Amino acid sequence: MEITSETVIKKPKRLTSVVWNHFERVKKADICYAVCVHCNKRLSGSSNSGTTHLRNHLMRCLKRSNYDVSQLLAKRRKKDNTVTLTSYNFDDGQPKDEHIPVAAIKFEPEPKREEAISIGSMKFDQERSRMDLARMVILHGYPLAMVDHIGFKVFVKNLQPMFDIATNSALELDCIAIYEKEKQKVYGILNRLRGRISVAVDLWNSPENARYLCLTAHYVDEEWKLQKKILNFIMIDAAHTEDIHSEVVIKCLMDWDIERRLFSMTFGDLFTSDDIVSRIKDHLAQNRPLLSYGKLFDVRCAAHALKLLVGDAMDALCEVIHKIRESIRYVKSTQTMQGKFNELVTQTGIDNQKNLLADCPMRWNSTSVMLETALAYRAAFSLLQEHDSAYTAGLSEEEWEWMNSVTGYLKLFVEITNAITSNKFPTSNIYFPEICDVHVQLIDWCKSSDECIRSMALKMKAKFDIYWKKCSLSLAIAAILDPRFKMKLVEYYYPQIYGSSAEDNIKEVSDGIRELFDEYSIGSVSVSVDHGVGSSNGGIGSDSRDRLKGFDKFLHETSQGKNAVSDLEKYLEEPVFPRNYDFNIFTWWKVHTPRYPILSMMAQDVLGVPMSTVAPELAFRTGGRVLDQYRSSLSSDTVQALICTQDWLRTEVEESSPPGHSAVPLCIEAS
């Protein structure tokens, strides 16, 4: 039947279905038709016919693209409490005057869809999309409350109307479910690892003064790649005694089943109580003796030790630093004063391109830069002091000289901190020469003729000696396992540090690395075989293995030929590898593993020891790590789930990203 006269119906009421975006409603006589705007096919347009047949036609229409089919399949429900939302045009950013019901936006979630719905060649999966949202929130550190934001809801509903946005509490549960799933993956990775694991222990604070204990596993995998995994992020009560802290750490290690496979533990605070460490060591030694009788177990954070030394220098120079800050403020107070100071700079012949800026007190490297820059303008400040009676923050000649000396020390600490934190994954071998440089300089500063400098240096050295006593052997062994250094670097620095007693201390290091190598030689099989046993006993128990340790040593000694050369002896006797900027220590050991099979196992564990727990972006901050306000408001279980899972997911994303691309920014640090 042909329609000869068609008139567009003036709609008495608004056609709310999105299907009418694709049909024109026309009328001939008393019959209503819906004409497809794509293929001009006529279908019934009566209000009694509904829109199902129109939707079905659009599914089969060959003259339209299928990019918005999902919109047509979205079923909207009437709501008892209809919420209205100002209709925004995001192109021009201006709100319209009219208010529209949010039925088309569906703020309330529909019943859970268990099955995936196929739409032509497309497929929408509610469950997968919901978990993808949770992963996104975890990965980028977004607040859980983002699902309640109007802008986010509008964006999602325009993108995929079928998606039921989870509530805040539901999203939290999804994040915890992802945490549990990812935790099992990490557990499996650690359980299959053949080598040993080192664990870093660090304390975090929060704006509410709550404290958190963060445990991070560090290891070198079978591909000779340095890996780290945050294992736990646990809130601890400030009122807890030290024995409770040690119990928390031990429980975490046991939960991950790694307490019998530890190489070392690095504590973020130099002054972490020795009692806490002793309790942990004693517990671990019950199941399996620690390597080298525990002499390599207790490591303290190098970056934190340097911060303490910097703090002493800043305290000694606090009055001078205050005067420099006031001097800069005075010079920058008005344009007239700035012009006057510039004239003095020209008059004194100062040719310095550095801008005179006040420091950020929370970043001590900026204080070092401020002092160094102020020294360059010393003559101009002296002239200003002579000719401007209103300038009262001037330094005396003695203060200028003192500042000159201390600024040189701070500059050294800046360079060394940059050296040990500039690498994304710094290996333990890079620390020894840097720490030895600090040691040599401290010895020299303690001999200063200036009483103030000498007093400051002695205070700094007292703290440094605590660090050196605990970590020097670990630092030296790591450096020896660098084929560019071997024993030569120890033989170079120790005479400068110990003087006449250098030979005895060199021998102590030599004996230490040989003792460690012998343990790896004896236990080269048991290290890899026992790693999956955990705390359970099978066959010969752990106590029996310990009683037969002497037999293992006897078997090792009697099985070796008298003229056999060990991996270690062969390695040390061969020439050092040439130093160059392209050297990669992991590549070297991976290539040379067949030549040094036992020593490479030892190197794999030693090079994985975290000598510092401070993130590069926090290396120069005067304070410690602080949890942000948002996460501090969450429950402790949720905080742990978000922070641990973010670390695990970020590692997966970075490993799959092209080289040179930073896939995900670090979101868990705050100050």
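The paragraphs below take these topics in turn.

The structure is a predicted model, so confidence comes before geometry. The protein chain has an average pLDDT of 82, and 79% of the residues score at least 70. Residues 1-11 have a pLDDT below 50, and this stretch makes 19 contacts in the model beyond near neighbours in sequence. Residues 65-115 are also below 50, with 84 contacts in the model beyond near neighbours in sequence.

The next topic is the packing of nonpolar side chains. In soluble globular proteins, such side chains tend to be buried together. The largest nonpolar core here has 113 residues, and the members that touch the most others are Ile324, Phe432, Tyr494 and Trp589. Helix 15, residues 451-480, supplies the largest share of this core, with 15 residues. With neighbours within four places in sequence left aside, Trp589 is in contact with Trp224, Leu481, Pro483, Tyr571, Tyr596, Leu599, Ser600, Ala603 and Leu607. Apart from this core lies another, of 62 residues, including Phe124, Met131, Ile197 and Val277.

Ser327 belongs to helix 9, residues 318-331. Its relative accessibility is 1%, and therefore Ser327 counts as buried. Beyond residues up to four places away in sequence, Ser327 touches Phe381, Tyr391 and Ala393. Asp174 sits in helix 5, which spans residues 168-192. Asp174 counts as buried because its relative accessibility is 8%.

Where is empty space left inside the model? Rolling a probe the size of a water molecule over the atoms shows this. The structure holds 2 cavities of 30 Å³ or more. The largest cavity has a volume of about 80 Å³. Its lining consists of 13 residues, and those nearest its centre are Arg196, Leu262, Pro289, Leu290 and Leu291. By class, this lining divides into 7 nonpolar, 1 polar and 5 charged residues. The second largest cavity has a volume of about 50 Å³. It is lined by Phe263, Leu296, Ser474, Ile477, Val606, Val609 and Met611. That lining has 6 nonpolar residues, 1 polar and no charged.

The last topic is the backbone. Most residues other than glycine have a negative phi. Which loop holds Asp257? Asp257 is in the loop between helix 6 (242-255) and strand 12 (262-267). Phi of Asp257 is positive, near 60°, although the residue is not a glycine. Asp257 has 15% relative accessibility and so counts as buried. Lys486 also has a positive phi, of about 50°, without being a glycine. Lys486 is placed in the loop between helix 15 and helix 16 (488-498). At 4% relative accessibility, Lys486 is therefore counted as buried.

Technical notes: Residues are numbered from 1 along each chain as its sequence is written. Side-chain values use heavy atoms; hydrogens and water are left out. A nonpolar core is a set of buried Ala, Val, Leu, Ile, Met, Phe, Trp, Tyr and Cys residues joined through side-chain atoms within 4.5 Å. Buried means under 20% relative accessible area, exposed over 50%, partly exposed in between (1.4 Å probe, protein chains only). Helices (H or I, at least four residues) and strands (E, at least two) are DSSP runs, numbered from the N terminus. Contact means heavy atoms within 4.5 Å. pLDDT is the predictor's confidence in each residue, from 0 to 100. On a 1 Å grid over the protein atoms alone, a cavity is a set of points where a 1.4 Å probe fits but cannot get out, and a pocket is an open set with protein on both sides within 12 Å along at least five of seven lines; lining residues have an atom within 4 Å of a point. Grid points are joined across faces, edges and corners, and a volume is the space filled by probe spheres set on the points. Ala, Val, Leu, Ile, Met, Phe, Trp, Tyr, Cys and Pro count as nonpolar, Asp, Glu, Lys and Arg as charged, and the others, Gly among them, as polar.
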